[in-house]
Amino acid sequence: MEELILELKKEIIEVLNLEEMTPADIDENAPLFGEGLGLDSIDALELIVLMEKNYGIKLANANEGKEIFQSIKCMADYIAAHRTK
Amino acid sequence: MVEIVVTGMGIVSALGVGTDATLRGLQSGKTSVGRIKYLQTRHVDLPVGEVPCSDSELRRLIEVSDDVKLTRTGLLGRVALKEAIVSSGIENSRPERVAFVSGTTVGGMEKSEQYYRDFLNNNNHNEYIALHDCGACTETIAGQYRGNFAMMTTISTACSSAANAVILGARMIRTGECDAAVVGGTECLSKFHLNGFNTLMILDNEVCRPFDKSRKGLNLGEGAAYLVLETLESANRRGVKPLCRLSGYGNACDAFHQTASSPNGDGAFLAMNAALQDAGLRPSDIDYVNAHGTGTPNNDESESHAMMRIFGDSVPPMSSTKAYTGHTTSAAGAIESVISVLALRNNFIPGNLNFEQKIEGVSFAPQKENLADVQLHHVLTNSFGFGGNDSSCIFSRLEGNGWQVKNDVGGSGIYIQSIKQISMQKPLCEDWFAHPIYSTTPYNESLDPDFKSYIPPMTARRMGRLLKRAIVTSEEAVKDLGGESLDGIITGTGLGCIENTEKFLNAMIDNDEECLQPTFFMQSTHNTVSSQIALHFHCHGYNITYSHRGTSFDSSMYDAYLQMKSGALHHILVGGHDEMTPDYFKLLGKVGYWKHGNCGADVLKKHDTQGSLSGSCSLSMLLSDKRTPETLCRISGMKMLYAPSDEQLSVCLKSMLENGHIPLSDIDAIVMNYSGDKDNDDVSHHVYERLFAPIPVMWYKHLFGESFCSSAFGVYVGAVALSRGMVPTNLLYEGGSPIDHLRNIIVFNHFHNQDYSLVLLSC
């Protein structure tokens with residue numbers, strides 16, 4: 001799980017172009033949206049694409065993302081349970 | 001007092017070809033949204049409102065043979081334009097000066113996405129390269145009717161494009177710039193925007209359900225529509241019976257988010273309110289609202305709240321017709337204007353299909369069933385686009401009941417307060433004036449400043465360089481506003497953020513329409529630039545984007561000029577923003593845009609071969625109605641023309657000078673658009689010899705290069721020269737001693753001998 005969390009942090013930094021951040025700057029338990037990392041609805045869509053592209057997980061509805069993207073930890077748990085690649 | 005009437009219209013959509021088919025389709029109460037038949041895509045499960053004709057069938061309708069190269073957007077536009085022209089009788093008795101204003105965002109993308117690899121790798125489909133941009137689309141639509149038009153431009157504000165075309169046409173008539181305007185928009189389905197909307201997850205995989213609690217998203221549609229607007233006086237003179245009046249319009253910017261609307265519908269509220277005020281109507285005078293109502297959870301809720309704010313407890317009958325036609329994006333404003341006129345004339349309200357249950361927190365329900373035999377006097381139609389670009393128009397029955405029409409004349413002087421640029425010259429300063437950087441290579445990158453000191457990293461991370469340049473030049477230009485607030489943002493961009501467009505296009509082809517990134521799509525839309533500037537300044541004022549080839553900037557400046565001339569706006573930020581990428585450079589090179597090898601100033605002056613040197617343009621200009629110590633110069637006149645004869649151009653110049661009270665003998669320099677391209681310079685030289693010789697000539701493309709917005713630099717060098725009271729030798733085409741006594745300058749531009757502009761600047 002630690003490995004997946006680190007991998008996810010790196011992928012998120014890349015795909016969301018968080019240039020000035022390193023994986024160590026992101027707390028895997030902090031909220032991704034609003035107060036924590038400060039991501040928004042477009043980032044949520046980018047994360048949905050990331051899950052499909054890298055882990056073969058397809059969400060039908062953007063609302064499903066709300067639960068999954070609470071934190072990096074949450075996202076990693078979901079990916080570990082549902083990944084197809 | 002100027003009264004604007006509608007004297008003709010034409011339409012094509014999923015409902016069929018022509019106004020009769022449209023009315024019958026609406027009255028049938030059945031959706032025309034269905035399975036994809038013509039568009040080649042893997043997303044066949046997504047329902048769309050496709051026009052029920054193949055390209056060949058469309059060609060037959062307008063009697064255009066297969067060897068005339070046209071995109072589907074162009075074909076649809078021509079079908080609608082033909083009906084509009086014929087029904088208005090313009091061909092038999094033409095109003096004196098007719099403008100053509102068309103909206104599109106897809107432009108030639110439907111062909112570019114098919115042939116993109118060919119464009120880059122072989123010469124099989126080069127003929128479609130020059131048809132890619134929005135302005136090219138407008139030019140091809142004008143087709144056999146081009147001789148009717150005295151001026152032409154293209155608006156690209158995504159889903160509100162056509163509504164903004166109606167607004168510009170009306171403004172041109174009110175300010176006396178033309179007697180009639182053919183206005184509207186066109187858009188065909190493309191794989192590009194179908195996939196783009198899909199990445200935003202706002203498409204419904206069933207037929208859309210606008211304003212219903214269970215709504216899931218929109219269905220894309222395609223089509224085109226045009227309306228002929230003219231003064232009542234012109235219609236009477238031609239002996240044409242008008243269909244109805246255009247009694248008011250309004251545009252505002254939500255300035256909330258790039259793709260989402262604010263929960264309260266601020267922009268929508270402001271637009272509807274402005275239209276009502278413009279028409280001199282109370283909310284209770286409106287008998288039917290044709291809503292934007294796309295069927296996305298966000299739009300319909302936001303729009304509902306805006307309507308509750310406008311109409312209170314008595315929201316008039318309202319419906320969205322998107323479930324009939326699909327969302328026809330850039331054409332929607334015109335298609336729904338035509339539907340509004342049909343409703344008005346037939347005392348008919350089209351029902352809102354697929355509605356079952358009200359949205360939570362919304363007090364009203366749409367008109368579910370078709371309503372016949374209702375007396376309609378005033379119909380309001382909404383069109384909202386990406387970036388919170390919100391527009392409303394009101395059409396009214398001919399027999400007026402007491403509303404007042406504002407006459408847009410008057411207003412004070414128009415001054416250029418500040419201009420800031422990022423180009424191949426040193427950025428954000430006028431070092432080029434004394435110490436220019438000369439390039440001798442055809443491909444030139446801009447010298448970018450440090451963006452980080454202007455844009456916080458969380459905002460900058462999604463922006464390509466064009467957006468960053470636009471924000472930085474705007475920020476710097478607006479510094480001179482001195483505490484006043486900006487009330488308009490008008491942007492010219494021939495291509496928008498082409499770097500992002502290429503990224504999305506490449507990914508779409510490489511990944512076979514899967515796993516595409518929404519950010520690239522979002523940023524590819526032309527009006528992203530203008531809406532990002534609005535977001536940056538929290539500016540809810542007038543917001544619009546022109547994408548009309550080499551007069552994209554000119555069109556923006558012209559709109560700003562008209563707004564300020566009429567006293568409607570006081571501080572406007574006008575921009576010209578285009579970037580060049582290695583791939584797009586290659587494509588335009590194939591159709592003769594660039595020189596090979598050395599293109600230093602001496603080579604350009606020879607102008608004996610095709611092509612110029614390329615540059616990128618980001619320029620922001622602050623216009624104000626007050627002169628201050630910072631003022632660079634005054635704008636004493638501006639004109640735009642389409643393919644004028646020598647005689648027409650001469651008359652136009654004369655009238656501009658007369659209105660500005662400046663004789664030609666007081667003009668000290670002409671800024672010419674000499675680029676080194678033989679065809680371009682031959683036309684310019686002919687005009688110079690005929691109209692301006694022997695006034696000294698300034699030029700600028702040797703310093704700033706050629707791009708769709710490069711004419712912005714023409715105004716720039718003229719304004720800076722006037723503010724400093726001199727022209728240095730490096731800006732003089734014939735060299736010689738500097739000019740040191742400057743009073744007035746004319747900036748001349750033309751693109752491909754079709755679109756022309758003249759700007760009169762005074763110290």
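Colleague: How many helices and strands does the secondary structure of chain A come to?
Modeller: Chain A comes to four helices and zero strands, where helices (H or I, at least four residues) and strands (E, at least two) are DSSP runs numbered from the N terminus. Before we go on, this is a predicted model, in which local features need pLDDT of at least 70 and side-chain atom pairs count only at pLDDT 80 or more, while totals for chains, interfaces and linings use all residues. Residues are numbered from 1 along each chain as its sequence is written, and chains are lettered from A and ligands numbered from 1 in the order in which they are written.

Colleague: What box do the C-alpha atoms of chain A fill?
Modeller: Taken along the principal axes, the box is roughly 30 × 25 × 20 Å. The radius of gyration of chain A is 12 Å, which agrees with the value near 12 Å that a compact globule of 85 residues would have; the radius is taken over C-alpha atoms, and the globule rule is 2.2 Å times the number of residues to the power 0.38.

Colleague: And how many residues of chain A are in contact with chain B?
Modeller: On the chain A side there are 14 residues, in contact with 14 residues of chain B, and two residues are in contact if their C-beta atoms, placed from the backbone, lie within 7 Å. The side of chain A that touches chain B has six nonpolar, three polar and five charged residues. Here Ala, Val, Leu, Ile, Met, Phe, Trp, Tyr, Cys and Pro count as nonpolar, Asp, Glu, Lys and Arg as charged, and the others, Gly among them, as polar.

Colleague: Switching to chain B, which domains does the assignment give?
Modeller: Chain B is given domain 1 (4-396) and domain 2 (415-762), with bounds that come from an automatic or database domain assignment. The C-alpha centres of these two domains of chain B lie 30 Å apart, and their contact takes 56 residues from domain 1 and 50 residues from domain 2. On the domain 1 side, the elements that give two or more residues include helix 4 (109-121), strand 7 (244-253) and helix 9 (266-279) of chain B. By class, that side of domain 1 has 22 nonpolar, 24 polar and 10 charged residues.

Colleague: At what angle does helix 9 of chain B pack with helix 10 of chain B?
Modeller: Helix 9 and helix 10 (residues 297-311) of chain B pack at about 45°, with their axes 8 Å apart; axes are lines fitted to C-alpha atoms, for helices over the stretch in contact, and angles run from 0 to 180 degrees between N-to-C directions. That makes helix 9 of chain B oblique to helix 10 of chain B, since angles under 35 degrees count as roughly parallel, over 145 as roughly antiparallel, 65 to 115 as roughly perpendicular and the rest as oblique. Among the residues making this contact are Phe269(B) and Met272(B) of helix 9 and Ala306(B) and Ile310(B) of helix 10 of chain B.

Colleague: Which residues does the cis peptide bond join?
Modeller: The cis bond joins Ala693(B) and Pro694(B), with omega about 5°, and Pro694(B) has its place in the loop between helix 23 (678-692) and strand 21 (697-698) of chain B.

Colleague: Where does Asp373(B) lie?
Modeller: Asp373(B) is in the loop between strand 11 (371-372) and strand 12 (378-385) of chain B, and the phi of Asp373(B) is near 55°, a positive value in a residue other than glycine.
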